[in-house]
Amino acid sequence: MKVLVTGAKGFVGKNLVEALKNIREGKDKTRLIDADITVYEFDIDTPHEKLSEYCKAADFVLHLAGVNRPKEEKEFMEGNFGFTSELLDELKKYGNKAPVLITSSIQAALDNPYGKSKKAGEDLIFSYGRENGVKTLVYRLPNVFGKWCRPNYNSAVATFCHNIAHDLPITVNDREHMMTLVYVDDVVDELINALAGKETREGEFCKIPVEHKIKLGEIADLLYEFKASRETKLVPDVTENSFSKKLYSTYLSYLEPDDFGYKLKMNCDARGSFTEILRTQNAGQFSVNISKPGITKGQHWHNTKNEKFVVVSGHGLIQLRKIGSDEVVNYEVSGEEITVVDMIPGYTHNIINLSDTEDLVTFMWCNECFNPEKPDTFFEEV
């Protein structure tokens with residue numbers, strides 16, 4: 001399949017082109033489309049004669065190019081109607097009956113210069129399809145967010161992410177304003193499904209099946225929580241398809257390279273150290289424990305709290321004893337054979353570094369975040 005993508009260097013275009021390349025190169029075998037794809041990338045800086053060449057050969061056209069922030073109002077119609085007309089004329093010149101997909105905007109239903117230009121482009125596509133017996137797909141997109149979206153341009157989410165990541169102020173004119181958003185990966189998924197003939201339709205239009213509705217003020221609050229998470233260690237809700245999961249990934253993409261890494265507070269003493277890595281809202285916390293040679297840590301038990309110990313470096317012994325019993329359960333562990341050992345409620349437990357020279361490094365998960373007011377931890381030697 002030879003696919004022409006206009007606006008290939010734009011926000012949606014770049015994400016789509018990279019996804020198509022992954023399919024072509026065999027890196028993504030999950031899609032519903034044949035892997036033998038040739039992508040013709042066309043953008044504003046592409047030699048114009050290439051448009052004719054691509055229109056002659058294309059098996060499918062994804063028309064993503066458009067104008068949304070022109071210097072002059074007339075450029076709306078020139079970019080969103082005029083270029084569409086030129087594109088269709090080239091296809092007609094070669095009698096190319098390839099399906100044509102166009103990304104429009106929900107503003108096409110509004111009476112403003114941008115909306116009028118988008119509506120004109122839609123009407124032109126529909127007319128072209130009827131007159132030439134060509135399959136047409138028109139997507140009226142709401143606000144799209146995700147990685148590689150240009151800040152301070154036409155996306156509040158991109159601007160908020162960029163500014164908050166760079167310690168710059170944001171302006172929220174109306175916290176109650178309800179936003180309808182689609183995530184760029186969901187957009188790409190749908191466009192690739194459309195290439196495979198499995199588009200999602202709603203009346204005469206096509207749509208992205210996964211939409212998120214959220215107030216503008218709530219978006220800002222979430223982003224400030226993400227920024228603070230390096231101190232609180234609290235990660236957002238990352239359940240499948242949640243808005244916060246997608247927004248957090250978007251926020252991270254606006255960090256500067258120097259900000260990718262950050263230090264954690266290590267609680268150190270003569271025995272080694274204990275460092276919290278992150279906390280979750282409903283799945284406990286993750287930590288790393290370092291024990292010096294010959295050191296024993298733990299020697300306590302819990303009623304409800306439970307943990308998983310995973311030694312990733314060194315050589316150690318984990319011991320557990322049921323409260324009221326004399327029987328000791330021993331697990332010899334090392335980084336050579338990764339093993340998970342559960343710390344069972346009602347069992348006092350410890351971990352001993354058996355090495356005389358090397359630190360013992362243990363990755364730990366606990367089913368609840370530590371609460372000093374209710375530690376559920378009681379000293380008792382194994």
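Q: Which strand gives the most to the lining of the second largest pocket?
A: This is a predicted model. In it, the second largest pocket has a volume of about 620 Å³. Several strands each supply at least two residues of its lining, among them strand 11 (267-269), strand 13 (285-291) and strand 20 (360-366). The top contributor, with 4 residues, is strand 12.

Q: Which residues that line the second largest pocket are the closest to its centre?
A: The pocket is lined by 28 residues. The closest to the centre are Phe274, Asn289, His300, Glu307 and Met364.

Q: Are helix 5 and helix 8 parallel or oblique to each other?
A: Helix 5 spans residues 156-165, and helix 8 spans residues 243-252. Their axes come within 9 Å and cross at roughly 55°. Angles from 65 to 115 degrees would count as roughly perpendicular, and those under 35 degrees as roughly parallel. The two helices are therefore oblique.

Q: What is the handedness of the crossing where helix 5 passes helix 8?
A: The axes of the two helices cross at roughly 55°. Helix 5 passes helix 8 in a crossing that is right-handed.

Q: Which residues in helix 8 do Val157, Cys161, Ile164 and Ala165 in helix 5 meet?
A: By class, the contact between these helices has 6 nonpolar, 1 polar and no charged residues. Helix 5 brings Val157, Cys161, Ile164 and Ala165. In helix 8 they meet Leu247, Thr250 and Tyr251.

Technical notes. Residues are numbered from 1 along each chain as its sequence is written. This is a predicted model: local features need pLDDT of at least 70, side-chain atom pairs count only at pLDDT 80 or more; totals for chains, interfaces and linings use all residues. Side-chain values use heavy atoms; hydrogens and water are left out. On a 1 Å grid over the protein atoms alone, a cavity is a set of points where a 1.4 Å probe fits but cannot get out, and a pocket is an open set with protein on both sides within 12 Å along at least five of seven lines; lining residues have an atom within 4 Å of a point. Grid points are joined across faces, edges and corners, and a volume is the space filled by probe spheres set on the points. Axes are lines fitted to C-alpha atoms, for helices over the stretch in contact, and angles run from 0 to 180 degrees between N-to-C directions. Angles under 35 degrees count as roughly parallel, over 145 as roughly antiparallel, 65 to 115 as roughly perpendicular and the rest as oblique. A crossing is left-handed if the near helix is turned anticlockwise from the far one by less than a right angle, and right-handed if clockwise. Contact means heavy atoms within 4.5 Å. Ala, Val, Leu, Ile, Met, Phe, Trp, Tyr, Cys and Pro count as nonpolar, Asp, Glu, Lys and Arg as charged, and the others, Gly among them, as polar.
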